[in-house]
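Thanks for coming. I'll walk through one structure today, a piece at a time, and you can follow along on the screen.

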Amino acid sequence: MSDHKTMTLTLIVWRQKNANDPGKFETYTAKGITEHHSFLEMLDCVNEDLIHSGKDPIVFDHDCREGICGMCSQVINGAPHGGQDRTTVCQLHMRKFKDGDTIYIEPWRARAFPIIKDLIVDRSALDKIVQAGGYTSCHTGGVADGNAILIPKPVADEAMDAAECVGCGACVAGCPNGAAMLFTGAKVSQLALLPQGRAEAAARVKNMSNAMTECGFGNCTNHYECQAACPKGINVKFIARMNREFIKAQF
Amino acid sequence: MILDGKCPTGPIEKTWDKHRFDLKLVNPANKRKYNVIVVGTGLAGGAAAASLGELGYNVQAFCYQDSPRRAHSIAAQGGINAAKNYPNDGDSIYRLFYDTIKGGDFRAREADVWRLAQVSNNIIDQCVAQGVPFARDYAGYLDNRSFGGAQVSRTFFARGQTGQQLLLGAYSALSRQIKAGTVKMYDRREMLDLVVVDGVARGITVRNLVTGQLESYAADAVCLCTGGYVNVFYLSTNAMGCSVTANWKAHKKGAYFANPCYTQIHPTCIPQAGDYQSKLTLMSESLRNDGRVWVPKKKEDCGKHPNEVPEDARDYYLERKYPSYGNLAPRDIASRAAKEQCDDGRGVGPGGRGVYLDFADSIKRLGEDTIRERYGNLFEMYEKITDENGYKRPMRMYPAPHYAMGGLWVDYNLMSNVPGLFVLGEANFSVHGANRLGASALMQGLADGYFVIPYTIGGYLATVKPGQVKTDNPEFKKCEEDVKAEQNKLLGINGKKTVFEFMRELGHLMWENCGMARTKESLEINLKKIPALREEFWKNVKVTGSGAELNQQLENAGRTADFLEFGELLCRDALHRNESCGGHFRVEYQDAGEAQRDDANFCYVGAWEYKGLEKEPELHKEPLKFENVHLAVRSYK
Ligand SMILES: Cc1cc2nc3c(=O)[nH]c(=O)nc-3n(C[C@H](O)[C@H](O)[C@H](O)COP(=O)(O)OP(=O)(O)OC[C@H]3O[C@@H](n4cnc5c(N)ncnc54)[C@H](O)[C@@H]3O)c2cc1C
Ligand code: SF4
Ligand code: FES
């Protein structure tokens with residue numbers, strides 16, 4: 001379990017002061033890293049060294065550090081979240097790397113996600129897509145008993161598969177077109193599958209699709225990079241379902 | 001001073017209905033003239049902002065993350081309670097009420113807990129209507145599971161991600177109101193002061209975390225829904241950004257802090273692996289439904305591979321000590337029992353700080369597929385962190401700080417002692433007493449947000465004229481200047497130690513001397529060492545960069561500065577409470593390892609008033625009366 005071997009790694013990290021700064025890569029050394037360090041804990045160590053030497057630490061988004069809030073967002077060696085199956089950056093552990101490795105770390109890159117600083121981007125466009133219709137219009141209070149609507153297990157399970165999306169935006173960062181189809185498709189599908197969401201299904205898919213375009217996301221040309229990047233294993237079949245819902249909504 | 005919780009009187013089952021009728025209403029046409037600030041958009045704040053916006057109030061909502069969908073409510077795994085009694089196994093509103101009062105070790109208000117149990121059923125209905133994909137059976141009915149501290153199955157769940165799904169439900173309702181223009185959302189903003197004018201809460205000062213600008217917002221009422229404070233222990237199951245800051249700033253502006261020493265240590269978390277570690281990860285309590293907890297009987301066996309320790313050499317200590325609840329004993333009890341075994345030298349894993357949670361029997365009985373179906377994502381998470389396969393060898397667990405029962409003092413209307421300041425969710429102290437039962441924090445957050453505040457805030461607003469104070473009031477400028485001065489001070493010290501180093505030291509003091517077991521001596525040590533550490537912090541901390549930009553070091557430095565003040569209050573509260581109850585275990589007050597309450601002297605809520613930094617705070621008491629549940633020794637044997 002706990003052996004005391006440590007690793008030394010070379011990090012090549014994107015540094016950008018603010019949205020207007022052109023930004024550039026800087027090289028750092030991470031020392032004394034064990035296989036049990038998480039990727040973000042490795043960055044914490046590098047930052048502690050930077051602070052001690054009076055330099056500005058690398059800023060990155062993170063909060064829960066357990067793979068559920070969707071806040072962490074880094075492209076590692078070209079792969080959003082580092083490319084480990086169903087894993088966010090914060091859950092990636094250093095046992096996946098070797099002593100002496102060189103690691104490239106960049107922010108999400110997409111037209112709809114402007115860089116704020118270093119590895120932090122502005123993902124508010126995803127919130128705008130949800131605001132366009134990612135809900136049922138029920139009022140607080142005055143709803144039916146939870147068991148009044150029967151939803152057989154397979155349907156509930158499939159809705160749950162779609163609902164697992166954490167809104168991290170890796171699908172957008174992984175897509176050559178910067179499309180948000182997997183994110184939007186997951187929400188549209190969750191609510192289209194459930195009887196509670198059917199009533200507004202047509203308006204929802206139209207409004208959310210329009211919002212995607214307005215926010216500057218690209219189109220889907222079936223690369224499936226989104227599914228490969230997704231830390232929650234959201235399936236591209238939900239994009240197909242959204243497309244079907246979209247066609248249905250035209251009639 | 002004796003505090004009055006303003007609880008309605010009369011038969012308990014009528015209290016909330018009667019109170020709702022007695023509350024004044026705001027005329028529908030007038031609602032939009034009232035501004036309400038909601039700080040925090042977790043379950044409590046998200047639900048409140050959406051519901052108040054829908055009612056027609058003008059709502060401004062704030063959170064420190066980049067989106068309201070990321071509040072730490074998202075991390076709750078296990079489930080949410082409700083008294084639906086769908087399984088027909090004997091549940092009722094009364095039983096949920098009773099279990100919560102008893103689970104809290106008789107340190108919560110009866111009326112508040114009754115209301116929580118009563119509205120619990122509405123919450124499930126509301127979430128279903130929003131499209132929350134709760135687990136269902138093949139016929140389509142909602143599924144339930146059991147959870148620690150209860151003998152009925154009343155917990156609703158959505159895979160291992162109940163908190164996430166409930167929060168996304170609240171977030172979707174909030175998004176609908178943002179679109180409708182009733183709620184204006186300010187993300188990446190941190191509240192750094194409460195603005196009080198002539199004794200009434202009138203607004204907040206926030207830092208825009210992207211630009212570093214300080215901003216002022218005014219309103220007719222302020223709701224704090226800013227979560228819990230157990231990051232005072234540094235390593236906890238909370239998110240990195242969780243802090244006491246909003247609560248502490250409000251406390252310094254006059255709001256009383258109630259029962260800060262009631263902190264919950266969760267029994268099943270992944271043990272710490274090294275000093276660099278930044279947080280601890282919880283494994284849902286629901287695992288104890290099918291996992292059996294044990295340690296080796298003999299010290300010599302602790303180093304062996306667990307599968308090589310024969311059955312008769314294992315001590316299933318929870319089953320042994322608490323035969324009727326067994327592995328489902330409440331959290332405080334299960335945590336202390338784990339510590340006891342490890343203190344006895346029979347712990348496993350690095351440093352001997354761990355116990356086994358073993359699924360071998362359930363896998364034999366139900367098959368690995370059933371276990372995977374129930375807890376697959378938890379096993380996956382465990383493996384990602386430890387590189388061990390929980391299906392093949394027992395998981396290792398150790399208790400970790402998890403939840404704050406204490407919080408700002410509120411009356412039955414969820415209003416603090418500062419008029420116009422309301423406090424919801426984990427940030428208040430109201431319903432969990434000295435120990436919270438599993439699956440009841442989600443319930444409380446949503447109860448407060450969807451079904452309590454929409455009524456009680458109206459009762460207050462109906463008595464005040466809208467828009468009396470605007471941000472041009474000099475008090476707003478003064479608050480901004482104070483915040484700015486503190487930040488400049490932090491940035492100017494340029495010392496030798498980083499913020500993390502201070503936070504780690506504080507966390508160590510809190511965990512060692514004020515954690516699962518507390519003594520007069522250990523607490524007195526902390527009351528000396530914490531002020532000393534605070535002094536060192538203000539002389540020797542190093543914060544790089546400037547205040548006029550995105551600066552995560554500055555954010556953390558501010559939060560740490562507040563923890564360094566708050567930690568002292570927590571210890572002071574623990575020292576004054578000469579009894580053991582729930583999560584507060586004073587070694588001096590026990591009966592063979594079980595907590596010994598002192599109802600004659602401590603059956604009250606202890607609410608502290610701030611008197612200045614180096615001055616002793618003043619204690620105010622709210623006596624607790626138990627008219628429906630008899631004060632009794634809490635036994636799970
Ligand atoms: C790992 C884990 C598992 C859990 N599992 C369960 C479970 O199974 N069942 C259960 O019932 N409970 C569970 N709990 C407890 C429960 O999740 C929380 O108590 C509850 O969700 C808290 O909700 P809240 O709305 O009060 O606060 P939070 O969700 O923490 O929200 C706080 C909000 O306040 C904001 N905020 C905080 N400070 C500031 C500031 N200064 N300025 C601006 N904004 C601020 C944040 O941005 C956030 O929006 C669990 C908790 C954890 C940590
Ligand atoms: S679909 Fe996957 S990658 Fe895209 S936002 Fe959701 S969780 Fe992230
Ligand atoms: S920090 Fe929350 S998902 Fe990574």
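Let's start with one residue, A:Gln91, which sits in the loop between strand S4 (79-80) and strand S5 of chain A. Keep in mind throughout that this is a predicted model. Is A:Gln91 buried or exposed? Its relative accessibility is 7%, and buried means under 20%, so A:Gln91 counts as buried. Setting aside neighbours within four places in sequence, A:Gln91 is in contact with A:Glu66 and A:Gly67, and also with B:Met381 and B:Lys384 of chain B.

A:Gln131 belongs to helix H2 (residues 124-131) of chain A. With a relative accessibility of 17%, A:Gln131 also counts as buried, because the cut-off is under 20%. What does A:Gln131 touch, not counting residues up to four places away in sequence? The answer is B:Ser175, B:Ile178 and B:Lys179. As for distances, A:Gln131 and A:Gln196 are 65 residues apart in sequence, and their C-alpha atoms are 18 Å apart in space.

Now chain A as a whole. The secondary structure of chain A comes to 9 helices and 7 strands. Along the principal axes, its C-alpha atoms fill a box of roughly 60 × 45 × 35 Å. Chain A has 251 residues, and 59% of them count as buried. The accessible surface of chain A is about 9,900 Å², with 51% of that belonging to carbon and sulfur atoms. If you take the contacts in chain A between residues at least 6 apart in sequence, 70% of them join residues at least 24 apart.

Next, one helix of chain A in detail: helix H1, residues 39-52. Among the buried ones are A:Phe39, A:Leu40, A:Met42, A:Leu43, A:Val46, A:Leu50 and A:Ile51. The buried residues also include A:Glu41, A:Asp44, A:Asn47 and A:Glu48.

Which elements do the covering? From chain A they include strand S1 (7-15), strand S2 (24-33), strand S3 (75-76) and strand S5 (102-106). From chain B they include helix H14 (499-514) and helix H16 (552-576). Just after H1(A) comes A:Gly54, with a positive phi of about 75 degrees.

A:Asn222 is not a glycine, yet it has a positive phi of about 55 degrees. A:Asn222 lies in the loop between helix H7 (201-214) and helix H8 (225-229) of chain A. A:Asn222 is exposed, because its relative accessible area is 54% and exposed means over 50%. In chain B there is B:Ala439, also not a glycine, with a positive phi of about 65 degrees. B:Ala439 is in the loop between strand S17 (421-423) and helix H12 of chain B. B:Ala439 is buried, with a relative accessible area of 5%.

That leaves the ligands. Around ligand 1 there are 36 residues, and B:Gln65, B:Ser73, B:Met191, B:Glu426 and B:Leu442 come nearest. By class, this shell has 16 nonpolar, 16 polar and 4 charged residues. Helix H3 (43-55), strand S6 (189-197), strand S15 (395-404) and helix H12 (441-461) of chain B each supply at least two residues. S6(B) gives the most, with 3.

Where do oxygen atoms of ligand 1 lie relative to the backbone? One is 3.0 Å from a polar backbone atom of B:Ala44. An oxygen atom is also 3.1 Å from a polar backbone atom of B:Tyr64, and a backbone N or O atom of B:Ala441 lies 2.9 Å from an oxygen atom of the ligand. On its own, ligand 1 has 1,000 Å² of accessible area, and the protein covers 97% of it.

Ligand 2 is in chain A surroundings, and the residues around it include A:Cys165, A:Cys168, A:Cys171 and A:Cys230. Helix H4 (170-174) and helix H5 (181-193) of chain A each give two or more residues to this shell. The shell around ligand 2 divides into 10 nonpolar, 2 polar and no charged residues.

Conventions:
Residues are numbered from 1 along each chain as its sequence is written. Chains are lettered from A and ligands numbered from 1 in the order in which they are written. This is a predicted model: local features need pLDDT of at least 70, side-chain atom pairs count only at pLDDT 80 or more; totals for chains, interfaces and linings use all residues. Side-chain values use heavy atoms; hydrogens and water are left out. A residue is near a molecule or strand if one of its heavy atoms lies within 4 Å of it. A polar contact is a pair of N or O atoms within 3.5 Å; within protein, one must be able to donate a hydrogen and the other to accept it, and residues adjacent in sequence count only if both atoms are side-chain atoms. Accessible areas come from the Shrake-Rupley method with a 1.4 Å probe; for residues, only the protein chains shown count as cover. Helices (H or I, at least four residues) and strands (E, at least two) are DSSP runs, numbered from the N terminus. Ala, Val, Leu, Ile, Met, Phe, Trp, Tyr, Cys and Pro count as nonpolar, Asp, Glu, Lys and Arg as charged, and the others, Gly among them, as polar. The expected span of a helix is 1.5 Å times one less than its number of residues. Buried means under 20% relative accessible area, exposed over 50%, partly exposed in between (1.4 Å probe, protein chains only). Contact means heavy atoms within 4.5 Å.
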